[in-house]
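Welcome, and thanks for taking a look. Here is a short briefing on salt bridges and a chain contact.

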Amino acid sequence: MKVLIPTPLLSYTQRREVDANGATLAAVLADLDRQFPGIRFRVIDEQDQMRRHIRFFVNGDQVFDPEQPLRPSDEIIIVQALSGG
Amino acid sequence: MARSASKATTRKPKVKTRAGLPRARPASRTVVLVATRKGAWLLHADAARRTWRVDGPHFLGHIVNHVVLDPRDGRTLLATAKTGHLGPTVFRSTNLGRTWKEAAKPPAFAKAAEGKAGRVVDHTFWLTPGHASEPNVWYAGTSPQGLFRSEDGGVSWAPFSHINDDPKYIEWMGTVQDGTPDGPKLHSIIVDPRDPKHLYFGMSGGGVHESTDGGKNFAPLIKGMQVVEGFDAAAVTFHDPHCVRICPTNPDRLYQQNHCGIYRLDRPGDSWTRIGRSMPKKVGDVGFTMTVHPRDADTAWVLPMDGQTVWPRTSPDGKPSVYVTRNGGKTWQRQDAGLPAEQAWWTVKRQAMSADTRDPVGLYFGTTSGEIWASRNEGERWTCIARNLSEVYAVETAELG
């Protein structure tokens, strides 16, 4: 499925839009990490929680559970939330 | 051009002889490694340390807490970084910052058991190269307090020792509310140059700790250290060492700048002596940083700050000065020649002052206002060598051969 990458993570992907596979958001992030080593830890912490200033949207709706089931046609957007100056 | 893979001198400990102090190393090139809230810079000196070439920013916009050159190979740089959005990581360069590669496995706490709350590294705060006999070993301290070790030159990191999960240590670490404003920290990781198994570290808060068995066991080393009035000095959690340093030529001597004064400890003794009592009363002995002389264990420098009333943490009276002791803390002398005479309200954070190994020793510090100040003569006169950077978190020096 299509994953839209925010600018702070472009150093990993080199492009704004990438493809990744997985039946859940967690699985998609694992696939992203296989393709772009290190990217997952920048957005998911060691307790498997979403980092404070990172948000995930699936088809325009914000997702809070990494185990959220996904379909191949879904579109994921990773967003950098406000984090101060 | 210092970007080439130059070979740095290895800092082997020298023993102070009766005849006098160990000799300084032959003239080499000094590089000052600056970590700031908005990136890192490398300042390269000419042979005389008179002119400086600025290389950077590296990691523009990243919060960089520490940049350290490996003195054992003279070319490997490690930098800790995070951004406002992204999690914490470590970058590694083997060509003095020309290119960087991210660590494959940055410091991270162990995953908690199902149903239990685990800890999360907010940022890696401190880096210490391992002992000269352990060439690829590095240690890292994090916020919140955690101790990590790499055995492959900083590529992969693992939790180290019992302290990250020890209930007693977790209690001593306190909560986020007990720590410094940007998070409680484990810092001042020290490896005894005579023995790789002899380790120290400090925690803000949580005291100074020592291991003599390579980290299998750590124990508090807080006797003689004071705490804020009204609290119990016997309680480890109330202790706030800001910066602990070991003397390279006399590793039995430690100095410490604490939230509550300046201290010295001579081993095998286990009781810290508050040598800051001999500082001028009007200035006091509160500060973040402390730096030791590379060859003379009686000489150390501090940069006092205002710790009165609401704790402004600025230079006292807006008149910054370094203070030096040449006799182990019996007396102190003010060294402010060249520094602003008034209306300078910055301070210097705990790892933002450093000494080179030249003769006379060069001193360097970075301010919360983004300036780098240098002295080529052990603090007698200061010159601003960079300004308008961001808030400086760390200043380290390295000698390139």
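Which side chain meets B:Lys168 in a salt bridge? The partner is B:Glu171, at 3.8 Å from N to O; a salt bridge here is a side-chain nitrogen of Lys or Arg within 4 Å of a carboxyl oxygen of Asp or Glu. This is a predicted model, where local features need pLDDT of at least 70 and side-chain atom pairs count only at pLDDT 80 or more, while totals for chains, interfaces and linings use all residues. Residues are numbered from 1 along each chain as its sequence is written, and side-chain values use heavy atoms, without hydrogens and water.

**Salt bridges within chain B**
- B:Lys168 and B:Glu171 are 3 residues apart in helix H1 (a DSSP run of H or I, at least four residues), so about one helical turn separates them.
- B:Asp298 and B:Arg253 form a salt bridge at 2.7 Å, N to O.
- That pair ties together parts 45 residues apart in sequence, because B:Asp298 sits in the loop between strands S20 and S21 and B:Arg253 in strand S17 (strands are DSSP E runs of at least two residues).
- B:Arg253 is buried (under 20% relative accessible area) at 11%.

**Where chain B meets chain A**
- The contact (heavy atoms within 4.5 Å) takes 24 residues from chain B and 18 residues from chain A.
- The rule finds 1 salt bridge across this interface: B:Lys111 meets A:Asp48 at 3.6 Å, N to O.

Note on methods
Chains are lettered from A and ligands numbered from 1 in the order in which they are written. Buried means under 20% relative accessible area, exposed over 50%, partly exposed in between (1.4 Å probe, protein chains only).
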